[in-house]
Amino acid sequence: MTNQSDNPMQSKETTYTPPKVWQPVEGNGGKFANTNKPTAGARHQQTLPKGDNPLQLYSLNTPNGIKVNILLEELAELGVVGAKYDAYKIDIMEGDQFGSDFVSINPNSKIPALVDYSNPQAPVKLFESGAILMYLAEKFQKFIPDNSDPQKYANYLGWVMWQIGSAPYVGGGFGHFFSYAPYPMQYAIDRFTMETKRQLDLLDKHLADNEYMLGEGDDNYSIADMLIWPWYGSLALDESYENAGEFLQVADYKHLQRWAKQIAQRPAVKRAVALELKPIK
């Protein structure tokens with residue numbers, strides 16, 4: 001990162017006055033400027049391939065995509081036949097997420113998306129990583145606590161929803177302004193860094209007394225861990241954004257480090273991170 005006072009574009013941050021009515025700005029920079037638009041829906045016709053397995057995954061190996069990979073590989077580790085899947089690559093830099101077939105699965109045009117063909121008369125279309133993991137965990141009754149212990153089930157729901165609401169601060173907030181914005185913006189970086197570090201501290205304190213998010217022992221390894229690890233575990237292991245580990249002092253979060261490394265060593269997680277996605281064209 002450059003020092004903001006040395007950046008000739010700093011004036012954009014200090015002199016900008018919002019107009020009464022916002023209009024998109026062409027060429028406003030940023031890594032995703034070429035694909036971002038303020039409208040939803042399909043932009044081109046598309047036919048997605050379909051394999052022979054019950055589950056068809058259309059995704060990319062980003063943190064949100066890896067969440068689904070992990071659960072599918074953990075189910076494979078247990079030999080759950082009904083969880084066999086084919087996985088296809090949706091290249092978000094090429095705009096594959098705006099194709100007609102993909103949008104018919106996920107109207108929000110974000111990866112991952114999954115179709116369950118186990119009932120051929122009524123295939124189930126799923127979008128949002130949290131929804132996909134909850135659906136599959138409930139379908140196969142794996143990696144999810146039953147409701148015989150109401151507090152544990154409540155903790156499970158809380159951490160799952162916490163991740164869904166909090167991870168955008170790490171990816172869409174801190175990651176965007178730290179790594180992808182066209183120039184450094186101190187206010188944005190400070191704001192999202194503050195919240196990201198608060199979240200890291202929260203996890204570190206929780207994991208000081210818990211092996212996994214729901215407690216001690218492999219029986220408490222759940223989709224809560226699978227949802228949280230690709231964002232926060234990766235960040236703790238300094239595998240998310242260049243120079244972010246030092247900037248956030250992730251090594252100081254000792255219990256989060258232990259948890260992140262422990263999950264990273266699981267065979268299913270290793271396969272999930274390295275999963276080869278088939279081309280759609």
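With which side chain does the side chain of N220 make a polar contact? Select N220 and K152: their side chains form a polar contact at 2.8 Å, the term denoting a pair of N or O atoms within 3.5 Å, where within protein one must be able to donate a hydrogen and the other to accept it, and residues adjacent in sequence count only if both atoms are side-chain atoms.

The structure is a predicted model, in which local features need pLDDT of at least 70 and side-chain atom pairs count only at pLDDT 80 or more, while totals for chains, interfaces and linings use all residues. Residues are numbered from 1 along each chain as its sequence is written, and side-chain values use heavy atoms, with hydrogens and water left out.

Remain at N220, which lies in the loop between α6 (186-207) and α7 (223-236); helices are DSSP runs of H or I with at least four residues, numbered from the N terminus. N220 has a relative accessible area of 10% and is therefore buried, that is, under 20% (1.4 Å probe, protein chains only). Display next its contacts (heavy atoms within 4.5 Å): beyond its neighbours within four places in sequence, these are K152, Y212, L214, G215 and D225.

Proceed to I223, which, with Y232 and W259, has the most contacts inside the largest nonpolar core, a set of 62 residues. Such a core consists of buried Ala, Val, Leu, Ile, Met, Phe, Trp, Tyr and Cys residues joined through side-chain atoms within 4.5 Å. The largest share of this core, 10 residues, comes from α7. Finally, select L48, Y58, F102 and I111, which are among the 11 residues of a second, separate core.

How values were computed
Helices (H or I, at least four residues) and strands (E, at least two) are DSSP runs, numbered from the N terminus. Buried means under 20% relative accessible area, exposed over 50%, partly exposed in between (1.4 Å probe, protein chains only).
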